[in-house]
Amino acid sequence: MSNILLVEDSPTQALQMKLLLESAGHHVVCSDDGTSAIEQLATGTSEIVVTDLELPVMNGLDLIKRMRADFPQIPAVLVTGQGSER
């Protein structure tokens, strides 16, 4: 399966999402903010990123913008428990 980088600052949400992804056979590495996620991406082991929108230091949108510039081959999924489609 895939090597997933999960970026979530809530330990409870991170654990729930990690367990769900692992139950589907994926290998999951967790990061709690966008800055540490960029450092993890530089290792070259992540195949996809699942990131929360609201994060400390660098939010999910800024992380995806940075990924497009530095890691354009890695797809990202942005999730949030707040807001609307706009």
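**Exercise 1. What radius of gyration would a compact globule of 86 residues have, and what does the chain have?**

Solution. The model is predicted: local features need pLDDT of at least 70, side-chain atom pairs count only at pLDDT 80 or more, and totals for chains, interfaces and linings use all residues. Residues are numbered from 1 along each chain as its sequence is written, and side-chain values use heavy atoms, without hydrogens and water.
- The rule is 2.2 Å times the number of residues to the power 0.38, and the radius is taken over C-alpha atoms.
- For 86 residues the rule gives a value near 12 Å; the chain has 12 Å, which agrees.
- The C-alpha trace spans about 30 × 30 × 20 Å along its principal axes.

**Exercise 2. Check the span of helix 1.**

Solution. 
- The expected span is 1.5 Å times one less than the number of residues.
- Helix 1 (residues 11-23) has 13 residues and should span 18 Å; its end C-alpha atoms are 18 Å apart, which agrees.
- Gly25 follows helix 1 and has a positive phi, near 95 degrees.

**Exercise 3. Find the percentage of buried residues and of contacts between residues 24 or more positions apart.**

Solution. 
- Buried means under 20% relative accessible area (1.4 Å probe, protein chains only); buried residues are 33% of the 86.
- Contact means heavy atoms within 4.5 Å.
- Of the contacts with a separation of 6 or more, 64% join residues 24 or more positions apart.

Notes. Buried means under 20% relative accessible area, exposed over 50%, partly exposed in between (1.4 Å probe, protein chains only). Helices (H or I, at least four residues) and strands (E, at least two) are DSSP runs, numbered from the N terminus.
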